[in-house]
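Colleague: Please walk me through this model step by step, stating the cut-offs as they come up.

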2 protein chains.
Amino acid sequence: MKIQIERKNNDYLMEATGKSGNKVMIDHSGMEVVQGVSPMELLLMGVGSCSAIDMISILKKQRQEITSYKVEVEGERYLLDDSRPFKEMHVKVYLEGAIDPDKAQKAADLSFEKYCSVSKSFDKCLKITYIVEVKST
Amino acid sequence: MKIQIERKNNDYLMEATGKSGNKVMIDHSGMEVVQGVSPMELLLMGVGSCSAIDMISILKKQRQEITSYKVEVEGERYLLDDSRPFKEMHVKVYLEGAIDPDKAQKAADLSFEKYCSVSKSFDKCLKITYIVEVKST
């Protein structure tokens with residue numbers, strides 16, 4: 001798997017391109033006008049979206065009807081002298097639809113503990129917690 | 001630090017939003033029409049762009065004139081039964097401009113070994129290698 005990044009102005013604005021050709025704009029969060037997401041935010045987005053793909057896939061197979069799927073991922077960071085790496089990530093999944101809450105919880109367990117390659121990439125580095133809230137309709 | 005994700009169609013297309021309000025489209029790479037980057041690609045983009053911000057910042061202070069900055073990040077993955085987490089990441093930085101190659105190498109060393117919060121988040125999980133190529137003009 002390979003990605004490319006190219007600087008797009010005289011400061012920190014970058015365009016990253018994945019295999020599909022789709023692009024992500026990335027910028028330094030300390031700029032006066034921030035024109036992209038920050039590198040650290042990308043890691044949180046990776047965790048939240050990877051588990052979403054797993055959970056949607058599992059719940060689709062179980063014929064659960066998801067009308068709304070939202071995720072919030074919060075990252076707690078160490079405050080070291082030179083860097084501020086992530087210490088823990090907390091994922092909150094909010095689902096709406098004709099969904100059995102037990103099935104949703106089980107799908108989350110399978111994703112975070114077994115299938116999600118993003119979470120598994122962080123296995124020895126940091127703790128990822130998750131909760132699932134279902135509003136059944 | 002907190003991000004939000006919202007599903008945007010009946011499959012896997014998601015929109016992720018960071019603090020600045022800027023957005024990233026994320027999709028399942030296995031779809032026929034892929035409308036966003038993949039969750040695993042986001043991690044590679046995070047590593048490449050974090051070191052870029054450090055290196056550009058350091059080289060700016062040293063009055064080096066960067067006319068082109070490109071990065072390629074390749075991820076090697078484990079092939080486990082249930083998931084395919086990253087095993088190693090290889091970063092290649094390509095710089096052009098009135099740049100002292102030794103200063104560029106030193107900037108990369110400082111970023112990957114000291115300052116980059118993304119790389120440091122992966123410290124105990126996977127190996128990150130990097131090379132810097134400077135085309136001095």
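Modeller: Helices (DSSP H or I, at least four residues) and strands (DSSP E, at least two) are runs numbered from the N terminus, and two strands pair if DSSP finds at least two bridges between them. Residues are numbered from 1 along each chain as its sequence is written, while chains are lettered from A and ligands numbered from 1 in the order in which they are written. The model is predicted, and local features need pLDDT of at least 70, side-chain atom pairs count only at pLDDT 80 or more, and totals for chains, interfaces and linings use all residues.

Colleague: What pattern does chain A follow when read along the sequence?

Modeller: The secondary structure of chain A comprises 3 helices and 6 strands. Its C-alpha atoms occupy a box of roughly 50 × 35 × 30 Å along the principal axes. Taken in sequence order, the elements of chain A give β-β-β-α-β-β-α-α-β.

Colleague: Which residue in the turn between β2(A) and β3(A) has a positive phi?

Modeller: Strand β2 (residues 14-17) of chain A pairs with β3(A) in the antiparallel sense over 4 bridges, with T17(A) opposite K23(A) and A16(A) partnered by V24(A). The two strands β2(A) and β3(A) form a hairpin with 5 residues between them, and the positive phi in its turn, about 90 degrees, belongs to G21(A).

Colleague: What percentage of the contacts in chain A with a separation of 6 or more comes from residues 24 or more positions apart?

Modeller: Two residues are in contact if their C-beta atoms, placed from the backbone, lie within 7 Å. Of the 137 residues of chain A, 45% count as buried. Among contacts in chain A with a separation of 6 or more, the share from residues 24 or more positions apart is 56%.

Colleague: Which edge strands pair on one side only in the open sheet of 6 strands?

Modeller: This open sheet draws on both chains, with mixed pairing and the order β6(A)-β5(A)-β4(A)-β1(B)-β2(B)-β3(B). Within it, β4(A) pairs with strand β5 (residues 86-98) of chain A in the antiparallel sense over 12 bridges, and G75(A) stands opposite M89(A). The strands that pair on one side only are β6 (127-136) of chain A and β3 of chain B.

Colleague: What is the bridge partner of V73(A) in β1(B)?

Modeller: Strand β4 (residues 65-77) of chain A runs antiparallel to β1(B), and 5 bridges join the two. In that pairing, V73(A) has as its partner I3(B).

Colleague: Which residues does K2(B) touch, not counting those up to four places away in sequence?

Modeller: K2(B) is found in strand β1 of chain B, and it counts as partly exposed because it has 14 C-beta neighbours inside 10 Å. Its C-alpha atom lies 7.1 Å from that of K19(B), which is 17 residues away in sequence. Leaving out residues up to four places away, K2(B) touches E72(A) and E74(A).

Colleague: Which element gives the most to the side of chain B that touches chain A?

Modeller: The contact takes 63 residues from chain B and 63 residues from chain A. Elements giving two or more residues to the chain B side include β1 (2-7), β4 (65-77) and α2 (101-115) of chain B. With 14 residues, the element that gives the most is α1(B).

Colleague: By a turn of how many degrees can chain B be laid on chain A?

Modeller: The copies meet through the same surface, because 100% of the interface residues of chain B are also interface residues in chain A. Superposition is by least squares on the C-alpha atoms of residues with pLDDT of at least 70 in both copies. Chain B can be laid on chain A with an RMSD of 0.0 Å and a shift of 0.0 Å along the axis. The two copies are thus related as by a two-fold rotation axis, the turn being 180 degrees.

Technical notes
A residue is buried if 20 or more other C-beta atoms lie within 10 Å of its own, exposed if 12 or fewer, and partly exposed in between; C-beta atoms are placed from the backbone.
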